[in-house]
Amino acid sequence: MQITGNHQMARIVRHNDESVREGYIRNGGKEVKLFTSSLKAFQCNNRIVMAQRKHLDDFLCGRIIGRLECGRTQLEVSEELGIAQSVISRLWQRFQDDGNVSRCYSTGRPRVTTPNEDRYLAVTAKRNRRSTASDLSPQLSSATAWSREHALWTPQQWSCVMFSDESRFSLQSDSRRTFIWRAPGTRYHQENTIERHRYGGAGWLVWGGIILGSRTDLHVQSVTMTGHIYRDVILEQHVRLFRGAMGAEFLFMDDNARPHRANIVDECLQSEDITRMDWLAYSPDLNPIEHVWDMLGRRIADRQLPPTCLPELRRALLAEWCNIPQDQIGERVNLIITHLFMPDSGRNCSSASLIIYDGDQPDSPLNQQICGTRSPPPILSRGSIMHVVLTRGVFRATYGPASTHCGGAYKSPEGTFGSPGYPNNYDMDTECVWTIEAAVGNRVHLAFETFNLEDSDYCNKDYVEIHEESESGKFIGRYCGSRLPSNLTDAPKLWIKFRSDDIDTQRGFLAHFELKREVILNAQEGEIASPGYPDLYHGREEFRWTVYVPFGMRVSVQFTEIAITNISPESGCVSQVQIFDGMDDQAPSLGAFCGYQLPEPVISTGSVIYIKFEPKFYHYTGKFYLKWIATSESGIVVDLPQTPQ
C-alpha cells in the first residue's frame, strides 16, 4: 500500500506472520520501526478516510456502544469496524450526555412550533396561496389562544353551543382524482386524462346545525348562499327556534363566510338576542360538523342504489340526515393505549411514532403524535371518527365511544390513565375499572398527579377505590375530594375503580404507574420475569431483586427462558442478567447471562442473592424467566415447571 507524504513517497512493509505486532516504513532509503499503537493509528487514519463521511445507522451505533461498554478502547473499535476514531469519540460522548446515539437531521435555526402547529400552518397556507409569513404568524397565535381559552370548558358549557356550516354534495366525486398505474413521464397522455366538469357536476348546497342531544332540520338549496337567504331561512326558521328553547345560555357558532357576516345578519342576531361564538378565520378543522358531513357523504355512497339525478340526491340527503344516530353526532372516540414501544432515535417523533387524526383520512386534522415507551393518557377525538397511522413501533390499545368507553388492562412497565374526559369534567353516573398487572416477581407503584372529585362523608358519592389483585382482593383505600391519595401499597397487580353519581361532577384525576426498580422477595421459592413478560423489554432502566430464604439455606436459581440479544459471542453481553452471591452488586458474581441458550443452574453460598437486569441499549434487550428455590445442599438440581405461556 502506498501513501503520499508531504514531500517524499513512503511504503508500508508488514510481515506475513500475523503474530508479529510491528511494522516498518521505508522513507528515503531509511527504515523507521513502528510499534503496534503507531501502526494501528497509521492504518486507521489512512485506510478509512471515506468512512468518516458515511452515516452510521442505529444498528452500527449499537455495535460501537456495546463494544465500548464491554471495555474495548476507542482505538480498538476504530480498527475493527473501520471507522475513524473521531467519529467513535463523538458518538460515545453523545451517548454519555443524553443516552441517544442517532443524529439529528436538522439544520438552521431551532424549531419553535410543534408538529400540530406545523400542520395547521400548512393547511392555512394551502387555503390561501398568497399568505405570507406575516399573515400566518398572527393566525397561528390566534388559534393557539382560542384553543387554550376553550380547553377547559365543561360538557355543560359545550352543550349550549350550536355548530353550523354549509357543505356541497354533487352527483360526481369531488376529489377530482383517479389513481391509475402509468409509466413515468406519461401523466398528460390522452389515455391518462379524463375530461370532467371543474366542480364535479350539478349538486345541492346543504346547511345544518348540531348540538349535544339534538340537531336542526337539513336545509337543501340549489343556489349559492346569500345574506338574505341566511337571515330569512337559516336564522328565522332554524336557529331562532333553538334560541327560544334553550334560553340566554345559547351560543351560535358559524364561520366567517361573507353571507354570515352581512349587516342584515348582524342586525337579525341582535334583534333576536342570539349570542354568536367568536370563531377563528380559516379554521374549519375546529368545527365538529365537518365530521357529520363526512358521515353523511359515506352513508349516501353506501346506499344500495346510489342517486343518479338531482331529485334522488335531494331525497337521499334528507333521509340519511334523519337516519344518522344522534349518539354518533355528539359522540367522540376514546382511544386508550395500554402498551407503547416507539423509541424515538431522532427528534419530534421522527423515527417512530403513532399519528392520530380527527377524521377518516391521513389529511384530516392532526390530533396527536405519540412516541416513547410510556402509555399516554386517554386520547379523545373531536368528532366521531379517528384515523390512526403507525409509522414504526409496537402498541396495544382499545377504543370506543367516549361516553361509555373507559378503563383498561395495563401490562406495560409504565403508563398514565385518568378519569373519563380528563382534563374536562367527568360525566355523571359513570363507572370505570382499570387493572395494572406486573410480570411475576415485579411490583407496581401507583401515584396520582392530580385529584379532584366530589367530596362526601365516607366517599359514598364520587370516589376511586383500589384493591390488590381484584375487587375481592386486599382493600387499599377509597378516596374522594381534592386531597391526593398517599401511602399506596406496591403490589403485583392493582384493581382500580372510579365511580360517579348523578348529582355533581368535577375535573377528575390523572394517575401514573410504573414498575418498582428494586424489589425484595422473602420466601422459600418463587419466580422472577423481565418487565412486561412475555413481551420483550426494550427500555434502558435497570431492575434489581434481592431474594432471601430462611437462614442456613442456600438459593438455587435456574432459568427457564432467556432471550437477550448480544452483539457477538466474542464481545460478551451488552444487556444481561447478573446474579451476585450476596445482598448487593458488590458481592462475588455468580455469573452474567445473555443470549438464547439456557445456562446451568447457579447456587449461592448463603441465604441471600442479588439479581440485576441491566438493559443497555434499545436494540440489545429482551426477556427472561427464572425460578429460585431454597436448598440445603449445593449439589441439588431443582425440578422446575415449564414457563407459563
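A disulfide is a pair of cysteine sulfur atoms within 2.5 Å. The legends below apply that cut-off to a predicted model.

View 1. The chain runs to 645 residues, and 45% of them count as buried. Take the contacts in the chain with a separation of 6 or more: residues 24 or more positions apart account for 73% of these.

**View 2. The disulfide of cysteine 406 and cysteine 432.** How many disulfides does a search of the whole structure find? The search finds two. One of them joins cysteine 406 and cysteine 432, with the sulfur atoms 1.9 Å apart. The angle about the S-S bond is -100°, and the link is left-handed. This pair ties together distant parts of the chain, 26 residues apart. Cysteine 406 sits in the loop between strand E16 (394-401) and strand E17 (408-410). Cysteine 432 lies in strand E19 (residues 431-437). The relative accessible area of cysteine 432 is 1%, so this residue counts as buried.

**View 3. The disulfide of cysteine 459 and cysteine 480.** Here cysteine 459 is joined to cysteine 480, S to S 2.2 Å. That distance is within 2.5 Å, so the pair counts as a disulfide. The torsion about the S-S bond is about -75°, which means that the disulfide of cysteine 459 and cysteine 480 is left-handed. The two cysteines are 21 residues apart and link distant parts of the chain. Both ends are in loops. Cysteine 459 is in the loop between strand E20 (444-452) and strand E21 (463-468). Cysteine 480 is in the loop between strand E22 (475-479) and strand E23 (493-499).

**View 4. Cover around cysteine 459 and cysteine 480.** Is cysteine 459 buried or exposed? Its relative accessible area is 11%, so cysteine 459 is buried. Cysteine 480 has 11% relative accessibility and therefore counts as buried. The cut-off for buried is under 20% relative accessible area.

**View 5. Cysteine 160 and cysteine 309.** Cysteine 160 has a relative accessible area of 12%, so cysteine 160 is buried. Cysteine 309 has a relative accessible area of 29% and is partly exposed. The reason is the cut-off: partly exposed covers the range between buried, under 20%, and exposed, over 50%.

Note on methods
Residues numbered from 1 in each chain as written. Predicted model: local features only at pLDDT ≥ 70, side-chain atom pairs only at ≥ 80, totals over all residues. Heavy atoms only, no water. Buried < 20%, exposed > 50% of the residue type's maximum accessible area, 1.4 Å probe, protein only. Contact = heavy atoms within 4.5 Å. Helix = DSSP H or I, 4+ residues; strand = E, 2+ residues; numbered from the N terminus.
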